[in-house]
Amino acid sequence: MNKTHEKIAAGLEQAFAKNGFTELGVDGLRDAAQVSLRTLYKYCPSKEAMIIMALEYRHARYLNHLFTDLSAKRDEVPFEIFYRVSQWMHENSSEGCLFHNAVVSYPNSEPIRSMLERHKKEVAERMTEAAGIPTIKAQLLLLHEGIVQSWPVLGEQAATSANILLVAMLENQKYGIAK
């Protein structure tokens, strides 16, 4: 990604996070990207391409935020990840998941839906890999999504509740109660 591409992606990500996906027209998106209309269209020939670029950028930032320099203690990793999700929500996403919001705004866009699915799949895979518990991949993703989707209503309580459920789930798995 060259500097212009990154500048456009960062500007678009922030514009969509702040204004949603339908509020701004091309002129507003151009202003957010801080480039000429010609340069914006060179990198993103359509609004759908602009959304995908912004989501790709957000995806990379999110994975970096969640998984860089995690604790060496495997049993602490899932809790640390959920703490980082909470931090992210405080700093970036008080309105919920930008990927889900994009799909809601453009429900018939297969590329946007595919981006959502790829993002969630990679988050789930990275969580289970980092925690070293491949048998609870679906459960970790479910708890992650619970935090993200309920954040606008519950705020910090969403992460606290996910941690309570995680403790119970790990205890049940430890004693062979749940698979």
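Colleague: How do the residues lining the largest pocket divide into nonpolar, polar and charged?

Modeller: Four are nonpolar, eight polar and three charged. In this scheme Ala, Val, Leu, Ile, Met, Phe, Trp, Tyr, Cys and Pro are nonpolar, Asp, Glu, Lys and Arg are charged, and the others, Gly among them, are polar. Please keep in mind that this is a predicted model, where local features need pLDDT of at least 70 and side-chain atom pairs count only at pLDDT 80 or more, while totals for chains, interfaces and linings use all residues. Residues are numbered from 1 along each chain as its sequence is written, and side-chain values use heavy atoms, with hydrogens and water left out.

Colleague: Which residues lie nearest the centre of that pocket, and what is its volume?

Modeller: Rolling a probe the size of a water molecule over the atoms shows where empty space is left. On a 1 Å grid over the protein atoms alone, a pocket is an open set of points with protein on both sides within 12 Å along at least five of seven lines, a cavity is a set where a 1.4 Å probe fits but cannot get out, and lining residues have an atom within 4 Å of a point. Here the largest pocket has a volume of about 190 Å³. Of its 15 lining residues, Phe16, Ala17, Glu95, Leu98 and Asn101 lie nearest the centre. Helices α1 (3-19) and α6 (98-105) are the elements that give two or more residues to this lining, and the largest share, four residues, comes from α1.

Colleague: How many aromatic pairs does a search of the whole structure find?

Modeller: It finds two. Rings of Phe, Tyr and Trp (its six-membered ring) pair if their centres lie within 6.5 Å; planes under 30 degrees apart are stacked, over 60 edge-to-face, and the rest tilted. Phenylalanine 16 and phenylalanine 21 are stacked, 4.8 Å centre to centre with 25° between the planes. Tyrosine 62 and tryptophan 88 are edge-to-face, at 5.1 Å and 75°. Tyrosine 62 sits in helix α4 and tryptophan 88 in helix α5, so this pair ties together parts that are 26 residues apart in sequence.

Colleague: Are phenylalanine 16 and phenylalanine 21 buried or exposed?

Modeller: Buried means under 20% relative accessible area, exposed over 50%, and partly exposed in between (1.4 Å probe, protein chains only). Phenylalanine 16 is buried at 1%, and phenylalanine 21 is buried at 3%. Tyrosine 62 and tryptophan 88 are both buried too.

Colleague: Which residues lie nearest the centre of the largest cavity?

Modeller: Tyr62, Trp88, Cys97, Phe99 and His119 do, out of 13 lining residues. The search finds one cavity of 30 Å³ or more, and the largest cavity holds about 100 Å³ of space. Two or more lining residues come from each of α4, α5, α6, α7 (110-131) and α8 (137-154). By class, the lining has seven nonpolar, four polar and two charged residues.

Colleague: Where is glutamine 34, and what is its phi?

Modeller: Most residues other than glycine have a negative phi. Glutamine 34 has a positive phi of about 55°; it is in the loop between α2 (26-33) and α3 (37-43) and is exposed, at 57% relative accessible area. Aspartate 69 also has a positive phi of about 55°. Its place is the loop between α4 (47-67) and α5 (77-92), and aspartate 69 is exposed at 69%.

Notes:
Points joined across faces, edges and corners; volume = space filled by probe spheres on them.
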